[in-house]
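Please open the model in your viewer and keep the selection panel at hand.

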Amino acid sequence: MLSFLRTMIAMMVGGFVWVLMSNALGQPATVMALLPVWVAGLAGGVVCALYSPRQGIAMAAVSGLLLALLFLWFRHVYLALPIAGGTLVALWPLWFPPAYYVGAYAYVLFLLRSRR
């Protein structure tokens, strides 16, 4: 139950940072749409590693995957938005899992290097 709650909190942090960044940038329909995803993913990955450095990387991968699937389901199933225009821009949620993973991995590396 605790891992589930931690995963949900990490997803909420990533979603909140994504909303803030998207609103700040005005949601451009270009490759710049990936910037909020990466910033949110890095922040969510760090939150995963804050809870548990040993399980943080795996938790980040799961959180990123669940968040990507949730965004894709909401956009393309619930709202029925077509995958039109640039595929990279339409499928931007697929960048959440690697961004979460990199954020958690970078924080764990930071912890390891700061203890030396």
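Start by selecting proline 36: its relative accessibility is 3%, so proline 36 counts as buried (buried means under 20% relative accessible area, exposed over 50%, partly exposed in between, with a 1.4 Å probe and protein chains only). Proline 36 sits in helix H2; helices here are DSSP runs of H or I with at least four residues, numbered from the N terminus. Now show its surroundings: leaving out residues up to four places away in sequence, proline 36 touches Trp18, Met21, Ser22 and Leu25, where contact means heavy atoms within 4.5 Å. For a distance label, pick the C-alpha atoms of proline 36 and methionine 21, which are 5.2 Å apart in space and 15 residues apart in sequence.

A word on what you are looking at: this is a predicted model, in which local features need pLDDT of at least 70 and side-chain atom pairs count only at pLDDT 80 or more, while totals for chains, interfaces and linings use all residues. Residues are numbered from 1 along each chain as its sequence is written, and side-chain values use heavy atoms, with hydrogens and water left out.

Stay in H2 and select leucine 42, which also has its place in this helix. Is leucine 42 buried or partly exposed? Its relative accessibility is 34%, so leucine 42 counts as partly exposed. Not counting residues up to four places away in sequence, leucine 42 touches Ala99, Val102 and Gly103.

Next, show helix H2 (residues 34-51) together with helix H5 (residues 96-114). Their axes come within 6 Å and cross at roughly 45°; axes are lines fitted to C-alpha atoms, for helices over the stretch in contact, and angles run from 0 to 180 degrees between N-to-C directions. H2 and H5 are therefore oblique to each other (under 35 degrees counts as roughly parallel, over 145 as roughly antiparallel, 65 to 115 as roughly perpendicular and the rest as oblique). By class, this contact of H2 with H5 has 16 nonpolar, four polar and no charged residues; Ala, Val, Leu, Ile, Met, Phe, Trp, Tyr, Cys and Pro count as nonpolar, Asp, Glu, Lys and Arg as charged, and the others, Gly among them, as polar.

The axes of H3 and H5 come within 7 Å and cross at roughly 160°, which makes H3 roughly antiparallel to H5. To colour the contact, select Gly56, Ile57, Ala60, Ser63, Gly64, Leu65, Leu67, Ala68 and Phe71 of H3 with Phe96, Pro97, Tyr100, Tyr101, Ala104, Tyr105 and Val108 of H5.

From that set, pick leucine 67. Apart from neighbours within four places in sequence, leucine 67 is in contact with Met11, Gly15, Phe96 and Tyr100.

For the last stop, bring in the largest nonpolar core, which has 22 residues (a nonpolar core is a set of buried Ala, Val, Leu, Ile, Met, Phe, Trp, Tyr and Cys residues joined through side-chain atoms within 4.5 Å). Those with the most contacts inside this core are Trp18, Cys48, Leu67, Phe71, Trp92, Phe96 and Tyr100. Helix H1 (2-25), H2, helix H3 (56-78) and H5 each supply at least two residues of the core.
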